[in-house]
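Please look over the sequence and the 3D view below. The report then takes up a sheet and a pocket.

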Amino acid sequence: FAVDANTTHDNREAQIVVKSRTLPIVSDTLTIHQVQKNALILSNGNITMTEKGGAIDVELRTNIEYDILMPTGATWLTKVDSRALTTYHHLFQVAAYTGTDSRSAQVIFKDKKSQLADTLTVLQGQKGTLIISPRTQNLDETAHTVNVELQRNIQYDIVMPENVTWVRQISSRALVTEKLSFAVDANTTHDNREAQIVVKSRTLPI
């Protein structure tokens, strides 16, 4: 995107929306904030981290004195002291996250002598989770319908065992907590038998 020079004495802002071509509720917005003569500009105002956490190197371009206001209550985001000149690099440490919901916090870079400020938003994604309960089914020789509960926050595929025809998936309707049904044929042989069904993420290798 090309941004013209701001020759006025006022800040200005524009928003560009990026949205899915097929899903109306999936979108994200790029906000472009252009300041007047005095400047306090972050090179990247939105940073997304994985659940593992890590270090963030933030570049700030400014010609004024400023303060850094850390968010209250967000103990998982800490400031790491670094040395800087005209272009400032600030290092923040993001703690590992094991929760199942994403979280976010905002760090404000503010001019000490005015209301001029810029905001860094840190968004940390949740850990991908797939949990089957119960994980083992012990059955007698008669036919059964097996119901299991699946807790998840990611998309998934069901991998049926190869060369096993006596277990079949029964389509079921579900939301975040899902019940998967499988039909088990009667065992007419004289041997015990066992099969494993894998439920895996479509997008994450775990």
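## Terms and model

A strand here is a DSSP run of E with at least two residues, and strands are numbered from the N terminus. The model is predicted.

## The open sheet

Start with the strand order. Four strands, β4-β10-β9-β6, make up an open sheet. Its pairing is mixed. The edges belong to β4 (46–49) and β6 (66–69). Each of these has a single partner strand, so one side of each has no neighbour in the sheet. From one strand to the next, the twist averages 15°.

Now take one pair. Strand β10 covers residues 117–124 and pairs with β4. The two run in the parallel sense, over 4 bridges.

## The largest pocket

The largest pocket holds about 1000 Å³. Its lining has 35 residues. Closest to the pocket centre are Arg135, Thr136, Gln137, Ala195 and Gln196.

Which elements give two or more residues to this lining? They are β11 (130–133), β12 (144–152), β15 (177–184) and β16 (198–201). Of the elements, β16 gives the most, with 4 residues.

## What the lining is made of

Sort the lining of the largest pocket by residue type. Nonpolar residues number 17. Another 11 are polar, and 7 are charged.

Key:
Residues numbered from 1 in each chain as written. Predicted model: local features only at pLDDT ≥ 70, side-chain atom pairs only at ≥ 80, totals over all residues. Heavy atoms only, no water. Pairing = 2+ DSSP bridges. Axes fitted to C-alpha atoms, helices over the stretch in contact; angles between N-to-C directions. 1 Å grid on protein atoms, 1.4 Å probe; cavity = no way out; pocket = protein on both sides within 12 Å on 5 of 7 lines; lining within 4 Å. Points joined across faces, edges and corners; volume = space filled by probe spheres on them. Nonpolar A, V, L, I, M, F, W, Y, C, P; charged D, E, K, R; others polar.
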